[in-house]
Amino acid sequence: MWIRPIPKAVSQQYPIITQSPPPYLHNSVKRTITKARLSAMEAAGSDSDGREFKNAQEMWREQIGDEGDDPKKIQWYREGVAYWEGVEASVDGVLGGFGQVNDADIKGSEAFLNSLLHERFGDGGRNQHLVALDCGSGIGRITKNLLIRYFNEVDLLEPVSHFLDAARENLSQEHFVASDVHKATNFYCVPLQEFTPEAGRYNVIWIQWCIGHLTDDDFISFFKRAKDLFWITKTEASQDPIYTSRTYFVNVDCTCIK
């Protein structure tokens, strides 16, 4: 399923890159690791305005132009950031009005994180100095409620400045009990498509819904930039690449859900 913009607005020395879908999208947003599903990318679809597209590539050409059409692509990202700049810096705001899923999301994410840490470290990482990168950190919701309890340092990456300001405040000593051994270290106001993780710094790169804001080529580019930095556990026994099936394009806030 794609979301189209509204004009208004396995070596264990490498870090883990994780992506966790929102609980309320579990039944509608699925990933597959079989090459056979790649053909679904060529399937026709329509958006929520009733406009028909022969395939996802046709939709992308309309939204960001042909390859090399930088002004149109820049506009795509500008509209995305502009939308979130008009959103309240709160849990309900960053969750798109679904603040009630916060507890379930944290619970599910913690189970997922625990399984990865125990698979990678026999003691779950308790005797390691662990560092995480929280991509699309928003107001620090995931860092504060989850990551900072498991990692000695967490860096936050967020392109919306007032979200990042709220994260700094939420994670400050005045509002949050942290320690010298578990703390938010760096706050980067940089979009994901322009960021390259520092080599050798991160044990885990945590990516949730922000990955859906990237165009396909920037999605691939991010993983290429991190190709020597990550370790991925797949939930099925397959060495195939990960592909995504989507045939319905939804006209909502400059995001594509993959």
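Buried here means under 20% relative accessible area, exposed means over 50%, and partly exposed is whatever falls in between (1.4 Å probe, protein chains only). This is a predicted model, so to speak: local features need pLDDT of at least 70 and side-chain atom pairs count only at pLDDT 80 or more, while totals for chains, interfaces and linings use all residues. Residues are numbered from 1 along each chain as its sequence is written, and side-chain values use heavy atoms, with hydrogens and water left out.

Confidence comes first. The pLDDT, the predictor's confidence in each residue from 0 to 100, averages 74 for the protein, with 68% of the residues at 70 or above. Residues 1-37 sit below 50, yet that stretch has 135 contacts (heavy atoms within 4.5 Å) beyond near neighbours in sequence.

On to the cysteines. There are zero disulfides (cysteine sulfur atoms within 2.5 Å) in the structure. For Cys135, the closest cysteine sulfur belongs to Cys210 and lies 5.6 Å off, which is too far for a bond. Cys135 is buried at 2% relative accessible area, and Cys210 also counts as buried, at 17%.

As for the rings, the structure has seven aromatic pairs; rings of Phe, Tyr and Trp (its six-membered ring) pair if their centres lie within 6.5 Å, and planes under 30 degrees apart are stacked, over 60 edge-to-face and the rest tilted. Tyr83 and Trp84 are edge-to-face because their planes stand at 85 degrees, with centres 5.0 Å apart. Tyr83 is partly exposed at 24%, whereas Trp84 is buried at 15%. Together with Phe163, these two residues form one aromatic cluster.
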